[in-house]
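Start with the sequence and the model.

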Amino acid sequence: MGGHRRIVLVAIAGALIISTSAPLVRLAAVSPATSAFFRCAYAVPPMAVLAWLERRRLGPLGRRETAIAWAAGLLFALDLLFWHHTIAYVGAGLATVLGNLQVFIVAFAAWAIFRERPSGRLMVATPVVFAGVALISGLFDSAAYGSDPLLGALAGTATSVSYAVFLLLMKGGSQRAAGPLAHATAVAALAIAALSPVFGGADLVPAWPAHGWLLLLALGPQVLGWSLITYSLPRQPAALTALLLLVQPLTTVALSALTLGERPSPLQLAGCAVIVLGVLYGSRGAQPARTEAEQDAQVPKTSTV
């Protein structure tokens, strides 16, 4: 139990660090593709050092682990490109809430892939959560915050799908943290550079102080935050990790209001509350995370930590 609690605390710490991502993107004031690219590019050197230290202790990554990390990098590139556009459309706070619909996608996918059966609560909460997305989108709100709330809701949903697949790949790929994340981050940087023309283009020489904010974004959320999350992913149920990552949107909404002056409309804030409460309700059964076979046999799952 002590080991499990430690892993949970590591995941929460990672989520808190990652919660500064969207405000840092807004403070950098560059195009979505630019911030997505430099978030990864500046993170590659320190991640490579951490991966080298890990390799000295544990040996090189296997071919399968490397291939999965590369695939995760491609999904992470799409996740960042969609999400940074969502920030531009609806602000840092709402974008982070929309980007965390992955809880449901991860839970259902983990059922199919890892046989981690979700609770019945998840079925009930799913339509409730997407009602919250509709409220954030501004469909029923003439005073919705953001330059394009509807497009922001669509981009946020695409973010969640990419994010969910990335999390599942990182969970299933390796028990290591630094090596897979270093590979994924490097591949993501290359993929973002290649895809940037489709996503509005990237300015590869941003002026100061943009470089400072982007460097902080890379070293904080990308290197430290994601190293903690990647460490915790294979050591606990996928649905539980996704649930713990809800710390991120809640903290980001508060940070964005305090530091950026973002003021979502009452209906949009209600949508945030609906999403968070729906996810909390729907994911309450995630922690035990018995597989189908274990549930059918009524044999409790033993901890691997």
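Helices here are DSSP runs of H or I, at least four residues long, numbered from the N terminus. The model is predicted.

## Ala77 in its helix

Ala77 sits in helix α5, which spans residues 63-98. Is Ala77 buried or exposed? Its relative accessibility is 0%. The cut-off for buried is under 20%, so Ala77 counts as buried.

Which residues does Ala77 touch, once neighbours within four places in sequence are set aside? The contacts are Ala188, Ala191 and Ile192. Ala77 and Ala184 are 107 residues apart in sequence. Their C-alpha atoms are 9.0 Å apart in space.

## Cavities

Rolling a probe the size of a water molecule over the atoms shows where empty space is left. How many cavities reach 30 Å³ or more? The count is four.

## Lining of the largest cavity

The lining of the largest cavity is made of 14 residues. Nearest the cavity centre lie Ile18, Asp79, Trp83, Tyr163 and Gln248.

Helix α5, which also holds Ala77, gives the largest share of this lining, with five residues. Both α5 and α8 (149-173) supply at least two residues each.

Terms used. Residues are numbered from 1 along each chain as its sequence is written. This is a predicted model: local features need pLDDT of at least 70, side-chain atom pairs count only at pLDDT 80 or more; totals for chains, interfaces and linings use all residues. Side-chain values use heavy atoms; hydrogens and water are left out. Buried means under 20% relative accessible area, exposed over 50%, partly exposed in between (1.4 Å probe, protein chains only). Contact means heavy atoms within 4.5 Å. On a 1 Å grid over the protein atoms alone, a cavity is a set of points where a 1.4 Å probe fits but cannot get out, and a pocket is an open set with protein on both sides within 12 Å along at least five of seven lines; lining residues have an atom within 4 Å of a point. Grid points are joined across faces, edges and corners, and a volume is the space filled by probe spheres set on the points.
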